[in-house]
Amino acid sequence: MEDLISIIVPIYRVEKYLDRCIQSIIGQTYKNLQIILVDDGSDDACSGICDEYAKKDNRILVIHKENGGADSARKSGILAASGKYVGYVDGDDWIEAEMYEKLIGFARKYNTEIVESGVIDTWECTEKRRVPFFEEGSYQGEKFSIEIGGKSIYSGMFFRHGVSPYLVTKLFLRPRLLKYQMLPEKSNNLVDDVMCTFPCLMESRSIYITHECYYHYRVRGESTKRIIRNDIVPTIKNCYSDWVDRFKGALQTDRIEEQIQFFIMYLLIAKSIYIFDRQDSRYYLLPFGKIKKQDRIILYGAGTVGIHLEHYIESISGSNLIYWADCNYEQLGKMYNVGSPDKINGFDYDYIVVAILNSIAVKSAIEDLVKIGIPENKILWIKQEYLDYPKELLKKANLDFAV
């Protein structure tokens, strides 16, 4: 008998995407599945869609619950799971037909507790593959400690995880995952993937990494990670010690607290950059080098970081954002006021702020800007001193743990 895989699907207000999601799971080439559809109090047609599929496929279990967020839905799902392995699929995404056949094949062949694969970012008209940071292969025991332990959360390259935090691109052995999935999630779904995936990984010290990409992440403007939140700073202050305490399975050489601080620096710049600025100052955007509020700014980048930066700049009295550009303007322009980079030279500006936090993507973006005639001294990104010593920036946010 093949090992059972439980696939948990948190579902909330995704009725127009849900059919494709469920069909991609039903159609897996690996058939021994328990498919757990968790209706997280959705007030659209999702509930009925789930029930209809359950009538047609006896592998499907439907859980209807009050809305509590994705982490709450995953908790309900894993408590009902009976598989040896567990995977997750979000209700607005879909997967390639061979995903779980391939992942369980790696788990068995290399005897690892976790398998990680890549992700396919998917827009209406295009897609982009993202592969894991580490080379393909099995990492266990001493090899895990030497190569992955100290770079799992922060790879050493700002900002890229060594292992992605996404639950959905992985297959987990259930018992250890259950332990970490069921820990209280106090951050209001801010870092629910991160603080489940990484503690689980650091205790298991066992992962196989493939660069194959099976998971389609649907890029949507209304995605929760693009929503502006005002509770991030107090959440970090409240949860920091708990986050560190989760890593009982880590070794001293893993430098977990240092890695977490790099991650928090990324999180604050990406979504709460206001914490570094003084309201009574003539300057703002401190991580980018203290820009005068009246300076004419062009924002380059309209992903999650760009959306939050645009919102912040527009909220500052006296600020002057004159244009917002992104190379994917044809797709993003349907959701936001984003234009082509080719039009930048038509504006009179003081600085271009690169609203991207992956250093490789930043390097590529700067090269593209220079090619169209932008002077490098007018292109701003995070100051090197903060990239080298995140505590220096965190201190300016008055975070106790940065002292």
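1. A residue is called buried here when its relative accessible area is under 20%, exposed when over 50%, and partly exposed in between (1.4 Å probe, protein chains only). This is a predicted model, in which local features need pLDDT of at least 70 and side-chain atom pairs count only at pLDDT 80 or more, while totals for chains, interfaces and linings use all residues. Residues are numbered from 1 along each chain as its sequence is written, and side-chain values use heavy atoms, with hydrogens and water left out.

2. In helix H6 (residues 174-181), the buried residues are Leu177, Tyr180 and Gln181; helices (H or I, at least four residues) and strands (E, at least two) are DSSP runs, numbered from the N terminus. These residues lie on the same side of H6, because they cover an arc of only 100° around the axis, the arc being that of the directions from the helix axis to the C-beta atoms. Their cover includes H3, E4, strand E9 (170-173) and helix H7 (194-204).

3. Ala81 sits in the loop between helix H3 (70-80) and strand E4 (85-88), and is buried, with a relative accessible area of 8%. Leaving aside neighbours within four places in sequence, Ala81 is in contact (heavy atoms within 4.5 Å) with Ser6, Gln34, Ile36 and Arg174. Of these, Gln34 is 47 residues from Ala81 in sequence, yet 7.5 Å away in space, C-alpha to C-alpha.

4. A search of the whole structure finds zero disulfides, a disulfide being a pair of cysteine sulfur atoms within 2.5 Å. For Cys21, the nearest cysteine sulfur, that of Cys50, is 9.1 Å away, and Cys21 is buried at 0% relative accessibility. The sulfur of Cys196 is 6.2 Å from the closest cysteine sulfur, in Cys200, which is too far for a bond; Cys196 is likewise buried, with a relative accessible area of 1%.
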